[in-house]
Amino acid sequence: TQQFRHAGVRDINVVAGYKHEAVDLPEINKIVNADFADTGEVASLACAINKLQGECVLSYGDILFRRYILDLLLEVDGDIVVVVEAIGIDRGLHADTQTADFAICSVPFTDDYLEDQAIELEKISTDVGADAADGVWIGLVKLSARGSAMMRDEIAEMSKDGSHATASLPDVVNRLIAKGARPQVAYIAGHWLDVNNVVDLAK
């Protein structure tokens, strides 16, 4: 929560499921997804749908990242902005490539300091693999007021046929892209960690 407060984010809401009683911090508003065992990310987000108003930052609860990454995200203009760890630099990815949300982008990463062109997200997929992707979405996204409305409307539409129950956040983003949304990309080169197991926890 310190990272978000440093960036000026004051209204912090956490959707908890398994062992939700262990999530006990005075500076957050906890929302419980009682059906966590049978539902996915979008169902959890739907539990907090009334909080999805105005400018928002959505983050997976199992990632750690350096403070500058959040600052970088907030600096990029767009209704939907995602953070992508770039592939193609001489280092190892900080994500499990077996389960990673690979990102296909309009422009690959470049380390040119003067490069300042807009980069769009074209698709998030677990199927393409590292060789065909431009990076890995780390689970961090910024929404403008319009972006929040777009996501609320899409989740509401998915709720009508029940597809939201097991859907992932990338599923929603891909649906919005298919309808004409143009998410912007903020590339990073490391300095984050997806905590999925005891090895990650030890790191």
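**Reading a fold, feature by feature**

Guide: Contact here means heavy atoms within 4.5 Å. One caution about what you're looking at: this is a predicted model, where local features need pLDDT of at least 70, side-chain atom pairs count only at pLDDT 80 or more, and totals for chains, interfaces and linings use all residues. Residues are numbered from 1 along each chain as its sequence is written, and side-chain values use heavy atoms, with hydrogens and water left out.

Visitor: Where does Val32 lie?

Guide: Val32 sits in strand 2, residues 29–32. Helices (H or I, at least four residues) and strands (E, at least two) are DSSP runs, numbered from the N terminus. Val32 is also 17 residues from Val15 in sequence, with 5.6 Å between their C-alpha atoms in space.

Visitor: Which residues does Glu41 touch?

Guide: Not counting residues up to four places away in sequence, Glu41 touches Tyr60, Ala167, Ser168, Leu169 and Pro170. You'll find Glu41 in helix 2, residues 41–47, and it is partly exposed at 35%. Glu41 and Ala165 are 124 residues apart along the chain, yet their C-alpha atoms are separated by 8.1 Å.

Visitor: How do I read a pair of helices?

Guide: Two packed helices are described by the angle between their axes and the distance between the axes. Here, the axes of helix 4 (residues 145–161) and helix 5 (residues 169–178) come within 10 Å and cross at roughly 105°. Helix 4 and helix 5 are therefore roughly perpendicular to each other. On the helix 4 side, the contact is made by Met150, Met151, Glu154, Glu157 and Met158, and on the helix 5 side by Leu169, Val172, Val173, Arg175 and Leu176. Sorted by class, that contact has 7 nonpolar, no polar and 3 charged residues.

Visitor: What are the cut-offs and classes behind that?

Guide: Axes are lines fitted to C-alpha atoms, for helices over the stretch in contact, with angles running from 0 to 180 degrees between N-to-C directions. Under 35 degrees is roughly parallel, over 145 roughly antiparallel, 65 to 115 roughly perpendicular, and the rest oblique. Ala, Val, Leu, Ile, Met, Phe, Trp, Tyr, Cys and Pro count as nonpolar, Asp, Glu, Lys and Arg as charged, and the others, Gly among them, as polar.

Visitor: What about backbone angles?

Guide: Most residues other than glycine have a negative phi. Lys19 has a positive one, near 55°, and sits in the loop between strand 1 (13–16) and strand 2. His191, also not a glycine, has a positive phi of about 65°; its place is the loop between strand 9 (184–188) and strand 10 (192–194). Lys19 is partly exposed at 46%, and His191 is partly exposed at 39%.

Visitor: How many helices and strands does the protein have?

Guide: There are 6 helices and 10 strands. Of the 203 residues, 40% count as buried.

Definitions and conventions. Buried < 20%, exposed > 50% of the residue type's maximum accessible area, 1.4 Å probe, protein only.
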